[in-house]
Amino acid sequence: MNGFPILSLMLLVPLAGAVVCLLAGARQARMIALAATLIDFVLGVLLWVNYDIGGAQWQFTERVPLFAGFSWALGIDGIALMLIMLSVFLMPICIGASWRSIEKRVGEYMAAFLLMETLMIGVFAAQDLFLFYIFFEAGLIPMYLIIGVWGGQDRIYASYKFFLYTLLGSVLMLVAMLWMANAAGTTDIPTLMAYDFDSRVQTWLWLAFFASFAVKMPMWPVHTWLPDAHVQAPTAGSVILAGVLLKMGGYGFIRFSLPMFPEASAQFAWLVFGLSMVAVVYTSLVALVQHDMKKLIAYSSVAHMAIVTVGLFAFNTQGLEGSMIVMLSHGLVSGALFLSVGVIYDRLHTREIDRYGGLSINMPYYALFFLLFTMASIGLPGTSGFVGEFLSLAGIYQVSTWVTLICTTGIILGAAYMLYLYRRVAFGEQKHADAAAMPDLDWREWAMMVPIAAAVLWMGVYPESFLAPMRQDIAALDARIARARPVGDSQVRPGKSGAAVQVSATAHEGAH
Amino acid sequence: MDLSTSLRLVAPEELMSFVSLVLLLACAWGGDRASRVISAAAAVTLLACAALVAPTLGSGVTGPDGAAFSGLFSADAFAAFAKILIYLGAAVAVVVAPAFFERLHAMRPEYPLLILLAALGGSIMVSASNLITLYIGLELNSLASYVLAAFLRNDERSAEAGLKYFVLGALASGILLFGMSLTYGFAGSTSFAGIRAAVDSGLSAGATFGAVFVLAGLAFKIAAVPFHMWTPDVYEGAPTPVTTFFATAPKVAAMALLMRVALEAFGTQAAVWREIVIFAALASIVWGAFGAIGQANLKRLMAYSSINNVGFILIGLACATPQGASAMLVYLAIYLVMVLAGFVGILMLRDGEGEQVEAIADISGLSRTRPGIAAALAMVMFSLAGIPPLFGFWGKFVVFQAAVQAGLVPLAAIGIAASVIGAFYYIKIVKVMYFDEPANRVTGRSDWVHSVLLTVTAVFISPFGYLLTKWLGALADTAAAALFHVV
């Protein structure tokens, strides 16, 4: 595949689809959108198959000096590959989820989604600082429209909040990028990742990037836009928001903050830990008391993302690998949970938990899938959630036992709110006649659930498939940040039988 | 330098003067029936003038090569860049007018003529290398503009706009003249080169006052805070094609003139005026953004938006570097097209009887009734807010890049953070057009000229515009180099 601009093609296919959708009628627009996303998925699979594990760090690179001041530079490493795969995998499912529930302005809706796909792939594939920024920021426009036009009742408030929060977070990053490009004399991301900025300047640059990624992630206390946006967005919007857009924050940390400012990252690790610990406990408790299903899942996203951030700033391989797997897993699982909510929302048009009950009686297959995703969200061994959380917590254990202790409570609380949700929705008596009369999954919903369920189990049983492409890049990142690694309090030493790993494993298991 | 060379250098201005005199006669005898023909002639003349100055920019004429009439007039690459923008803005203002005025039975041949004269004034302003030339150009531009603001004689708002513009404009001219006389008194010269040489070793207190007064007078022309008060009223009251003109050509002319005065005449004393410019820049950004939030009229909103954008352009001036000047020119070029697209879009909003629709509430749900106009206006709004991938982002990008390169990082950080306030009202317009229920006010047919212009400008501000960045950047660099060419 060398020389063939497959990444540009992956950007172009949904973009062209978006333009055609704008002009097409409702039925055609759905078909075009599905076709475009499926073509992109096939291209993504080709990308993965042709990705040379253990080969060059940056593959499929393209570089055309098209613009003044920055260039059309694309290329991926294993980390970007996995996130692109997540995006192209979720997109056809999103289109499927909107097949019937979106009835007004279908062409524009599909166009917005396809545009979103282009921009998401662009963010992960960009190798130029400003190209990245353009893709990163441009995502605001289609998402603003998706929430505002096709959202729920309070959609306008939610869309404003989403737009302005994320914009404010990002603009300072632009100034930092301009400074970096000026100081380093290049806008090439791989070069900047190896460039050593002065450690005092790093502090400021790190904070500017943090402002953007923390909002995107989102971290406590700037997470408040997320529940609003999630609740108001249409189902597919929530899936994309939780599944991919939140990952941009984590990707930003792993691509920019850590390798470009290792000293500042170490200096501020305590801040990240502090905010993450608060997030894990606080948002989990908030999730416990929600009456709205989507809101509950939104808060659980914030808690899961906090595990990602502690893992990233653990400064070791387990932490980084774990965070990446949590991101991928959360992308699948939270997407699937939003789909599950969407399935019953389409039937009853309410997200109120109390309006449901005993769905396992009349919707047994639905209850089965919902249970699987609930368990994956909790982190049951055998599902994707377990692998990621275990690795991140093992990583953070080497840095701070206290942080590990507090973050592990997130798993207990996670089990609490998810099982409580599941009990109220699927088990118990059939309190309401209309909820009891809902039909089980139709073939379209089966087609959306089965691929995600398969991926969740695959990642849980054999995570090596997903870790292998990233291993080399994470090792390189680990080597890059090694010089700033903070001294941990757990004093882990390789024992005769790998005792250290077992200790943290027991701690983790005990939490279940 | 002989006279023929001088005359050759001012060819576009000569052509415009000559054509405007001929057209004046034509409208004296032809009357209102001739207005279409005169409009066409004026537009063709403006485009021809743009073609005439293009080679000057292409070949990057600097300093003595462009100096005409013993240094009174400077036809260099910098002037050429600004002139092309002025002529294009003016040509569009001429072209969009007939559809607007004819429905009100107010289409008169004086309109294209006055635009032509105002563009001539602007053209002289940007070529001024002497305080006297500056004043002649400025007054020619202003006097034509006052009349234009009051062009709808039967409309009270238009008359009010004209009067307000005149009274406040005369005050500003007075301030400017006072500053010029002080400058002349302390520098002993009216030429920019002479002033530059005289203040090279430092500004005396009197010369400082002179510089400040000159800057204040010009700040009025570009509508920078705190000299912006006239803008919303004049923009709202003036007929929309005239507002289109005000927001583009005179703004470019005044901004280019400000650059000449600040960077040429007082270029060695940037430390003295930088703080004033920084204050005006930040105040304009913040005030323009907050003022716009409560507005209910689209034209008033665009007025506040122009105040806001002037703030961003002034950040480039505060750099006092060639990069800063180049960034300002790129911003001006992009801003010109965005504003043209915005006003052409507003001109296309008509109700069933053909009345212009200007209230924001009346464009509710426009995306469902007129999706094309709504999409173009939404692009303009996102572009003005500086959201990538629209082209408006590039203007902000180069300006902030110049500020960072000049070491003004705090200014860039504050300025860009304040741009988020502006984003609030821009996305409010998008919200009204896309999220709200249709008000079904905008049902009228649009003129084909408007549709074509809207399409062209919308393509320019779309991501396709980025393909022009290299070319635009190179031209602006050439122009900025001419400005910084010390005689």
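**Exercises on helices in a predicted model**

Helix 21 of chain B (residues 469-483) has 15 residues and reaches 21 Å from its first C-alpha to its last, close to the 21 Å expected at 1.5 Å a residue, where the expected span is 1.5 Å times one less than the number of residues. The model is a predicted one, in which local features need pLDDT of at least 70 and side-chain atom pairs count only at pLDDT 80 or more, whereas totals for chains, interfaces and linings use all residues. Residues are numbered from 1 along each chain as its sequence is written, chains are lettered from A and ligands numbered from 1 in the order in which they are written, and side-chain values use heavy atoms, with hydrogens and water left out.

**Exercise 1.** State which residues of helix 21 of chain B are buried, and what covers them.

*Solution.* Helices are DSSP runs (H or I, at least four residues), numbered from the N terminus. Buried means under 20% relative accessible area, with a 1.4 Å probe and protein chains only. By this criterion the buried residues of helix 21 of chain B are Thr469(B), Leu472(B), Gly473(B), Leu475(B), Ala476(B), Ala479(B), Ala480(B), Ala482(B) and Leu483(B). Their cover includes helix 3 (35-58), helix 5 (77-103), helix 12 (240-265), helix 15 (322-347) and helix 18 (392-405) of chain B.

**Exercise 2.** Decide whether Thr248(B) is buried or exposed, and list what Thr248(B) touches.

*Solution.* Thr248(B) lies in helix 12 of chain B. With a relative accessible area of 1%, Thr248(B) is buried. Leaving out residues up to four places away in sequence, Thr248(B) touches Gly89(B), Leu336(B), Val339(B) and Leu340(B), contact meaning heavy atoms within 4.5 Å.

**Exercise 3.** Describe how helix 1 of chain A packs against helix 4 of chain A.

*Solution.* Helix 1 (residues 6-23) and helix 4 (residues 106-125) of chain A pack at an angle of about 165 degrees, with their axes 7 Å apart; axes are lines fitted to C-alpha atoms over the stretch in contact, and angles run from 0 to 180 degrees between N-to-C directions. Helix 1 and helix 4 of chain A are therefore roughly antiparallel, a term for angles over 145 degrees. The residues of this contact divide into 14 nonpolar, 4 polar and 2 charged; Ala, Val, Leu, Ile, Met, Phe, Trp, Tyr, Cys and Pro count as nonpolar, Asp, Glu, Lys and Arg as charged, and the others, Gly among them, as polar.

Notes. Helices (H or I, at least four residues) and strands (E, at least two) are DSSP runs, numbered from the N terminus. Angles under 35 degrees count as roughly parallel, over 145 as roughly antiparallel, 65 to 115 as roughly perpendicular and the rest as oblique. Buried means under 20% relative accessible area, exposed over 50%, partly exposed in between (1.4 Å probe, protein chains only).
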